[in-house]
Amino acid sequence: MLNLDRLRTLNAVARHGSVSAAADGLHVTTSAVSQQIAKLERETGQQLLAKNGRGVRLTDAGRLLADHAARILSQVELAEAELEARRGQAVGELRLGAFPTAARGLFPSALVRLNRAHPQLRPHLTELEPDESVRGVVRGDIDLAVVLDWYNRPLSLPDGLAKAPLLDDPADVAMPSNHALARRRTVELEDFSDDAWISWPQGEFCQDWLMFTLRSKGIEPRIAHMAEEHHTQLALIAAGLGVAVAPRLGRGPVPEGVSVVPVGHQMRRHVYAIWRADADRRPSIRAAVNALQAAGKEVEGAADTSSKSRPGGGIG
């Protein structure tokens, strides 16, 4: 009889490509992964992994069993989803992923709602960039993720995923308060063709979007600095070191010395939840989506109130 936990371990090695990466994905030690694989090899009487330089590779037998393991685990997940749906209660562990500003701007409220409405549900949140979240959901490392795309740059999603919209997140331009455009009611990106930009790090989805968008407007951006955290970007702007696109979700108070001005041709990020379609009937997934959508409405409502009360001159 094949052990399900050991099949899950082999599946993780196949998906992640190494013992150490599989250990990280399963939240266990590399020694625990090696022990599970060794036991599985004894059970099957086959060598499943072979040394490959400083790492390992799947043998033919390992690849065969890993393919079966993926199908078995998918079927187990479907059975668990149907049982949970039949029970009609959101219980057990729910693994969640979100990009940083969503983790900061959406999840505190959403998690409080979940805890109050479903005390037997154990949500666990991890900050992940959108591309990482998509891969994590596809692999089964996380159950539900909050991801984003931009109004002019959709995020490509693989087959087999379901999604639900949470909110649209407007983005402004943040600049030093002594900038010539800081008192404008609105600005356009073309107004900053001669400015230095502060961007997200190289290779991140939002950095790729910024380069694509500026170049589509005939601007070859001069990237002066890169910072992942928006608070770091705003601190650099306060020091007079450049301008940046500043989404509103999770932004928090704008520091002294920074002005934030809306863009006339409004830029928006679309924020939504994704999960595997075969888990669609799980009450815990439905509960999480409902809590996140309610948190999204709160954020949009607060943004509407703020925009109506803002006199229009751009101090954020």
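My notes below go from the whole chain to single residues.

**Ground rules**

I am working with a predicted model, where local features need pLDDT of at least 70 and side-chain atom pairs count only at pLDDT 80 or more, while totals for chains, interfaces and linings use all residues. Residues are numbered from 1 along each chain as its sequence is written, and side-chain values use heavy atoms, with hydrogens and water left out.

**Entry 1: the whole protein**

I started with the box: the C-alpha atoms fill roughly 75 × 50 × 30 Å, taken along the principal axes. Then I looked up the secondary structure and found ten helices and ten strands. Those are DSSP runs numbered from the N terminus, with helices being H or I of at least four residues and strands being E of at least two.

Next came burial. Of the 316 residues, 45% count as buried. Buried means under 20% relative accessible area, exposed means over 50%, and partly exposed is in between (1.4 Å probe, protein chains only).

I also checked contacts, meaning heavy atoms within 4.5 Å. Among contacts with a separation of 6 or more, 76% come from residues 24 or more positions apart.

**Entry 2: three domains**

How is the protein divided into domains? I noted domain 1 (4-84), domain 2 (90-167 + 271-305) and domain 3 (169-268). Such bounds come from an automatic or database domain assignment.

**Entry 3: where domain 2 meets domain 3**

The C-alpha centres of domain 2 and domain 3 lie 26 Å apart. Their contact takes 19 residues from domain 2 and 21 residues from domain 3.

I looked up the area buried between domain 2 and domain 3, which is about 1800 Å², with carbon and sulfur atoms giving 65% of it. Buried area is the accessible area (1.4 Å probe) that two parts lose on being put together, summed over both. Which residues of domain 2 lose the most area to domain 3? They are Trp 150, Tyr 151 and Arg 153, together 40% of what that side buries.

Between domain 2 and domain 3 I found one salt bridge, which needs a side-chain nitrogen of Lys or Arg within 4 Å of a carboxyl oxygen of Asp or Glu. Arg 104 and Glu 229 also went on my list, as their side chains meet in a salt bridge at 3.5 Å, N to O.

On the side of domain 2 that touches domain 3, helix 5 (100-105) and strand 5 (144-150) each supply at least two residues. Helix 5 gives the most, with five residues.

**Entry 4: salt bridges elsewhere**

By the same rule, I get a count of 16 salt bridges.

Arg 63 and Asp 60 pair at 3.2 Å, N to O. They sit three residues apart in helix 4 (residues 60-87), so about one helical turn separates them. Arg 63 is partly exposed at 42% relative accessible area, and Asp 60 is exposed at 63%.

Asp 143 and Arg 95 pair at 2.9 Å, N to O. This one links distant parts of the chain, 48 residues apart: Asp 143 is in the loop between helix 7 (130-139) and strand 5, and Arg 95 is in strand 3 (residues 92-98). Asp 143 is buried at 4%, whereas Arg 95 is partly exposed at 26%.

Arg 251 and Asp 172 pair at 3.2 Å, N to O. Arg 251 lies in the loop between strand 9 (244-247) and strand 10 (258-276) and Asp 172 in strand 6 (residues 161-176), so the pair ties together parts that are 79 residues apart in sequence. Are Arg 251 and Asp 172 buried or exposed? Both are buried.

**Entry 5: Thr 59**

Thr 59 is in the loop between strand 2 (55-58) and helix 4, and is buried at 11% relative accessible area. A polar atom of the Thr 59 side chain lies 2.6 Å from the backbone oxygen of Gln 47. Leaving out residues up to four places away in sequence, Thr 59 touches Gln 47, Leu 48, Leu 49 and Ala 50.

Notes: Polar contact = N/O pair within 3.5 Å; in protein donor to acceptor, adjacent residues only side chain to side chain.
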